[in-house]
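The following paragraphs lead through one model, beginning with the ligand and moving on to the sheet and the helices. Please keep the sequence and the structure in view while reading.

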Amino acid sequence: MMLVSPAAERSQDPLLSVLQAVLEDQAHTKLFGLELGSGTGQHITHFAQKLPFITWQPSDITEESRKSIRAYLDATKVQSVLQPVFLDAREPWEKWAGLSQSSCDVIIAVNLLQYSSFSTAEGVFKGSGQILKTNGFLITYGPYAINGVITPIYNEELDQRLREMNPEWGLPDIDVLRQLAFANGLRLERMIDMEESNKCLVFRKVQMIQTHTD
Ligand SMILES: C[S@@+](CC[C@H](N)C(=O)[O-])C[C@H]1O[C@@H](n2cnc3c(N)ncnc32)[C@H](O)[C@@H]1O
């Protein structure tokens, strides 16, 4: 069944503009993009129709989401989106659906870091540090805290609602994410103000941090 998220509908064109701006100088090459926490599948099928030079891999932890993504693929007939896979961003990159090290040009995570625990944020940055190619981008979208402060009031209320749903959820602090990124070979390169007091954070992979597996 095709799930519909009104918030995803509202953010899809502003997000597309960011992707176009960040990736436009690579539009002549074939790119590979991974979406974490794809949810309904609305975003990825929308982006695919406008950015044909990117092959997209959608993913989510829930079967309900993957079912919805498959329904969007059937309905839109987009050719450049692969079948959705199970991917839990908390897991080490070796368990990221068989993706290889340095295989992705861009990874996107829309409203994922807010609706999950800090271990997901840690996994997103650790995994992206390994799965992205050098100079690849991790783009995260949603509302954030800045140095512990959340504005405007409706984002503060959202943060409270999220914490009531799950004490481990809530708006992450940009500075904390910046440090997490740094530790994993990524740099926060751009912070873009979006509609409804959301932001896009654009991180670039600058170096490969060696990981040790026992
Ligand atoms: C608020 S929804 C956002 C969905 C979609 N990106 C959007 O903007 O409409 C968060 C999504 O992240 C998924 N998710 C939560 N924790 C996750 C994790 N650790 N790894 C991967 N996906 C996760 C959920 O199943 C859900 O589909």
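The shell around the ligand divides into 8 nonpolar, 11 polar and 3 charged residues, where Ala, Val, Leu, Ile, Met, Phe, Trp, Tyr, Cys and Pro count as nonpolar, Asp, Glu, Lys and Arg as charged, and the others, Gly among them, as polar. In total 22 residues surround the ligand, and the closest are A8, G37, G39, A89 and V110; a residue is counted here if its C-beta atom, placed from the backbone, lies within 6 Å of the molecule. The model is a predicted one, in which local features need pLDDT of at least 70 and side-chain atom pairs count only at pLDDT 80 or more, while totals for chains, interfaces and linings use all residues. Residues are numbered from 1 along each chain as its sequence is written.

The sheet is open and has 6 strands in the order β2-β1-β5-β6-β8-β7, with mixed pairing; strands (E, at least two residues) and helices (H or I, at least four) are DSSP runs numbered from the N terminus, and two strands pair if DSSP finds at least two bridges between them. Because β2 and β7 (186–193) stand at the edges with a single partner strand each, one side of each is left without a neighbour in the sheet. From one strand to the next the twist averages 20°, angles being taken from 0 to 180 degrees between N-to-C directions, with axes fitted as lines to C-alpha atoms, for helices over the stretch in contact.

Strand β1 (residues 31–36) runs parallel to β2 and is joined to it by 4 bridges, with F32 standing opposite T55 in β2. Helix α1 (residues 6–23) packs on the sheet, where it touches β1, β5 (104–110), β6 (132–142), β7 and β8 (199–205), and its direction makes about 155° with that of β6; contact requires C-beta atoms, placed from the backbone, within 7 Å. Strands β5 and β6 pair in the parallel sense over 6 bridges, and V106 has F137 in β6 as its bridge partner. Strand β6 is largely enclosed by the rest of the structure, because 8 of its 11 residues are buried, that is, have 20 or more other C-beta atoms within 10 Å of their own C-beta, placed from the backbone.

Turning to the helices, the axes of α4 (residues 118–131) and α6 (residues 174–183) come within 8 Å and cross at roughly 40°. Here A121, E122 and F125 in α4 meet L177, L180 and A181 in α6, and the residues of this contact divide into 5 nonpolar, no polar and 1 charged.

Conventions:
Two residues are in contact if their C-beta atoms, placed from the backbone, lie within 7 Å. A residue is buried if 20 or more other C-beta atoms lie within 10 Å of its own, exposed if 12 or fewer, and partly exposed in between; C-beta atoms are placed from the backbone.
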